[in-house]
Amino acid sequence: MPQTVQAVIARAKGAPVELVDIVIPDPGPGEAVVAVQACGVCHTDLHYREGGINDEFPFLLGHEAAGVVEAVGEGVTEVAPGDFVILNWRAVCGQCRACRKGKPHYCFATHNATQKMTLTDGTVLSPALGIGAFAEKTLVAAGQCTKVDPSADPAVVGLLGCGVMAGFGAAVNTGGVQRGDSIAVIGCGGVGNAAIAGAALVGATTIIAVDVDDRKLEQARHFGATHAINAIREDVVEGIRALTGGNGADVVVEAVGRPETYEQAFYARDLAGTVVLVGVPTPDKQVQLPMIEIFGRGGALKSSWYGDCLPSRDFPMLVDLYRQGRFDLGAFVTERIGIGDVEAAFAKMHHGDVLRSVVVMEG
């Protein structure tokens, strides 16, 4: 039977979020119902609320989550009721041209649940990134559930579902940072600090954090930054070059999503270096660069989709590293809040007061 649960929705562009009752259908073929235990408050959710993704309101927000599978539909074999899972927004199809080439982390046909969650009056909801986890329960495609060690803290490992994986993967998977490399990360929120932590884990020796907030730069040092640049007080490009022998960094990760910071990233990389865009721009943002500079500097300009991750490979591995004390996932959690506190968490995020607020469900 369909269930009625509490959830957080964005009803209209820019309006405060609301805590309402929604209806969760029984899982159909290839689907799963997950009892959400924790869900991080990600900047992408704020993008949805502000209309920066699309205008398919009302949105069921939340996507950076972990929980327990409650029920599965026909044909589901990858997870079963009782499994502890991290939710992901890349349910790999296994059949598209990327998957057939052996590159499932680029899957071009990822999918979500076929059925729709609704308000109690029947209004169809658009779940953020096909998940919608600011809810006591949610309906997803079974392929969006990645089984991990059940002893892990849901409020911590759920962050792998988006921000931490996006940042770690931007540095390690997309940027290909290796031991001895130099890397600069522009924007030291949750994603940027995850890129820094990933670079430190694989042995980068010069790790430069760039932000406009000294509090964030101090946090970045905890995650492994060897140097910090406050972009208000110092020229970013010249600062990065000065810390890399005048050459620029091997890899520069742009974790802001703005034209001016992307331009800084472009000019702050070494010849044949790599720029990785992982910050999410709004549709109106545009970059203008001289083509001769693009040609003359060589290297690569990349965007990072979900940290170019493969959830079935990367989530369990990072959970293991966390449990071994080698990857400090717990440090990303600034506060644990209730499901009714999401709007206040957005305000704290906007003012740079938190790295991650995490909604923890009661019971």
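Select methionine 165 to begin: this residue is buried, with a relative accessible area of 0% (buried is under 20%, exposed over 50%, partly exposed in between, using a 1.4 Å probe and protein chains only). The model is predicted, and local features need pLDDT of at least 70, side-chain atom pairs count only at pLDDT 80 or more, and totals for chains, interfaces and linings use all residues. Residues are numbered from 1 along each chain as its sequence is written, and side-chain values use heavy atoms, with hydrogens and water left out.

Stay on methionine 165, which lies in helix H4 (helices are DSSP runs of H or I with at least four residues, strands are runs of E with at least two, and both are numbered from the N terminus). Leaving aside neighbours within four places in sequence, methionine 165 is in contact with residues including Leu159, Tyr306, Cys309, Phe315 and Leu318 (contact means heavy atoms within 4.5 Å).

Now show the whole of H5, residues 190–202. This helix has 13 residues and reaches 19 Å from its first C-alpha to its last, close to the 18 Å expected at 1.5 Å a residue (the expected span is 1.5 Å times one less than the number of residues). What covers its buried residues? After H5 comes glycine 203, with a positive phi near 100 degrees.

Select Ile183, Ile196 and Val253 together. These residues have the most contacts inside the largest nonpolar core, which has 50 residues (a nonpolar core is a set of buried Ala, Val, Leu, Ile, Met, Phe, Trp, Tyr and Cys residues joined through side-chain atoms within 4.5 Å). H4 gives the largest share of this core, six residues. Not counting residues up to four places away in sequence, valine 253 touches Ala170, Ile183, Ala195 and Val278, among others. A second, separate core has 34 residues, including Val36, Tyr48, Ala65 and Phe346.

Tyrosine 48 is in helix H1 (residues 43–49) and phenylalanine 59 in strand E4 (residues 59–60). Ring pairs link Tyr48, Phe57 and Phe59 into a cluster.

Phenylalanine 59 is also the bridge partner of alanine 10. Strand E1 (residues 3–10) and E4 run antiparallel, joined by two bridges. Show the open sheet of five strands, in the order E7-E2-E1-E4-E8 with mixed pairing (strands pair if DSSP finds at least two bridges between them). At its edges are strand E7 (118–119) and strand E8 (126–127).

Last, select the cysteines. How many disulfides are there? The count is zero (a disulfide is a pair of cysteine sulfur atoms within 2.5 Å). The sulfur of cysteine 93 is 3.7 Å from the closest cysteine sulfur, in cysteine 107, too far for a bond. Cysteine 93 is partly exposed at 25% relative accessibility, whereas cysteine 99 is buried at 12%.

Technical notes
Phe/Tyr/Trp six-rings, centres within 6.5 Å; stacked < 30°, edge-to-face > 60°.
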